[in-house]
Amino acid sequence: MSAIDLVILGMLKKKPMGAYELQKLVEYRSISKWVKISTPSIYKKVLQLEENGFVTSRFEREGNMPEKAVYSLTDEGKKEFERLMLDLSRRPVRLFLDCNAVAVNLDSMPKKKRQECVQNICQSVQELKAELAEHLAQKQDAPDVPAAGIAVLRQQLLLADALAQWADSLQTQE
């Protein structure tokens, strides 16, 4: 089981919902910025969680809309949620940044291409910072955003600030 399982089980622990609603909540909360999670993986994962007995589904129809599966946590799913919370909280914190694969290989690039790579990283980090700052400004006073979500956004913005300083230091080395 992984972080995506925990995200989905945690959302379903709060209330039953369909896979589309889960996906929209992931987008709204910008969860894919800090956990590897995609739209197809949500749909696959919810089916896998059902196969494992952690969620159950029922079909509902709203108005003229087609039927949709609404997923709920089972008792086993609640236990699995708690187990994952404890398990993942005990694991070492790791930061996997794809830009590090570029950084460790910069010295193998011709100077002009190396500078281009560093500029690309700097631009990407600045875009990330701007996006996170905008999300934080939009959501910090929203009543439907939990305090933990705001805390994660602040954490991400702090990390983006640190990455910006690091990227700037790469530019000064050029």
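Student: What makes E76 and K79 a salt bridge?

Tutor: The model is predicted, so local features need pLDDT of at least 70 and side-chain atom pairs count only at pLDDT 80 or more, while totals for chains, interfaces and linings use all residues. Residues are numbered from 1 along each chain as its sequence is written, and side-chain values use heavy atoms, with hydrogens and water left out. A salt bridge is a side-chain nitrogen of Lys or Arg within 4 Å of a carboxyl oxygen of Asp or Glu. The closest N and O atoms of E76 and K79 are 3.4 Å apart. The pair therefore qualifies.

Student: Why are E76 and K79 about one helical turn apart?

Tutor: Because they sit three residues apart in helix α4. Helices are DSSP runs (H or I, at least four residues), as strands are (E, at least two), numbered from the N terminus.

Student: Why is K79 called exposed, but E76 partly exposed?

Tutor: Buried means under 20% relative accessible area, exposed over 50%, and partly exposed in between (1.4 Å probe, protein chains only). K79 has 53%, so it counts as exposed. E76 has 41%, so it is partly exposed.

Student: How do you know that D87 and R91 form a salt bridge?

Tutor: Their closest N and O atoms are 2.9 Å apart. That value meets the cut-off, so the pair counts. D87 is partly exposed at 24%, and R91 is partly exposed at 39%.

Student: How many salt bridges does the rule give?

Tutor: The count comes to nine.

Student: Why is L95 called exposed?

Tutor: Its relative accessible area is 56%, so it falls in the exposed class. L95 lies in the loop between α4 (75-90) and α5 (99-103).

Student: Which residues make the nonpolar surface patch of about 380 Å²?

Tutor: V93, L95, L97 and L159. Patch residues have over 30% relative accessible area and no salt bridge; like charges are joined within 9 Å, nonpolar side chains (Val, Leu, Ile, Met, Phe, Trp, Tyr) within 5 Å. Accessible areas come from the Shrake-Rupley method with a 1.4 Å probe; for residues, only the protein chains shown count as cover.

Student: Why is W166 called partly exposed?

Tutor: W166 has 26% relative accessibility, so it belongs to the partly exposed class. W166 lies in helix α7 (residues 147-173).
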